[in-house]
Amino acid sequence: RLGYEQYSASGMALWGMDVTDSLDYDFTNTVEIQGETLIYDTRPRPFYTSDPFVLSRIELGGIDASFLRLSDVFYQIQRKRWEQTGELMVAAEDSLDKKPWFAYNNVTWFDDPWRCVAFSGKTIGECPVISTKNALGFSVIYDDPYARALGESVRGVETESSGLYAGRYADKRLNRSLNINTNAIVLEILLYLKRDRRPFIDMPQLLRASPAISDGSEVTE
């Protein structure tokens with residue numbers, strides 16, 4: 001689905017495959033959230049979290065111009081929510097320390113903003129509001145008060161020897177899931193910092209150099 005689709009297709013593009021169709025923005029509609037117009041996927045189970053946007057910036061330099069613009073809008077919506085409500089949250093997919101064991105906290109579920117669901121699409125009552133991997137990711141990609149607040153929010157999530165917990169619930173209680181998804185991305189973030197915030201691969205440059213792969217369709221409002 002949108003976000004995940006373009007990010008996943010980029011891996012195939014690096015193997016020389018023509019993924020033009022997967023870099024487009026078909027099957028979308030628009031919704032206004034926190035004063036910003038955001039496109040969303042109209043197909044079934046349109047999970048829409050920060051994960052592909054954080055990973056694409058760190059690993060691939062943002063994929064292409066259209067995806068970079070979408071990434072920035074996706075981030076600004078979350079920043080504006082924090083500014084308007086005072087509630088710190090970063091939308092993410094994460095393992096949970098209780099049933100249903102995995103959740104997608106979506107910026108929007110179709111045109112329904114701030115909806116947290118299980119893989120089945122069923123709404124979850126209590127969902128983590130802080131994702132360790134995405135809070136840290138945004139804190140190194142952007143430089144503003146929201147990004148810094150996200151970085152501060154994950155203090156205390158570390159264990160003595162087993163890595164970092166997945167995040168926190170709204171009442172500051174730890175989401176004590178210990179999983180490779182969280183900790184592998186944290187290691188990527190550390191490498192990104194070690195590289196002076198240079199992405200691992202310059203995907204936009206590769207796309208421009210490849211006659212078989214377009215730069216994606218324009219994201220329209």
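The legends below describe close-up views of a predicted model.

Residues are numbered from 1 along each chain as its sequence is written, and side-chain values use heavy atoms, with hydrogens and water left out. Local features need pLDDT of at least 70 and side-chain atom pairs count only at pLDDT 80 or more, while totals for chains, interfaces and linings use all residues.

**View 1. The cis peptide bond between Lys99 and Pro100.** Omega of this bond is about 5°. Pro100 sits in the loop between strand 3 (93–95) and strand 4 (102–109). Strands are DSSP runs of E with at least two residues, and helices are runs of H or I with at least four, numbered from the N terminus. Most peptide bonds are trans.

**View 2. Trp101, a residue with positive phi.** Its phi is about 80°, although Trp101 is not a glycine. Trp101 belongs to the loop between strand 3 and strand 4. With 48% relative accessibility, Trp101 is partly exposed (buried is under 20% relative accessible area, exposed over 50%, partly exposed in between, with a 1.4 Å probe and protein chains only).

**View 3. Phe27, a non-glycine residue with positive phi.** Here phi is about 60°. Phe27 lies in the loop between helix 1 (4–13) and strand 1 (28–33). Its relative accessible area is 51%, so Phe27 is exposed. Most residues other than glycine have a negative phi.
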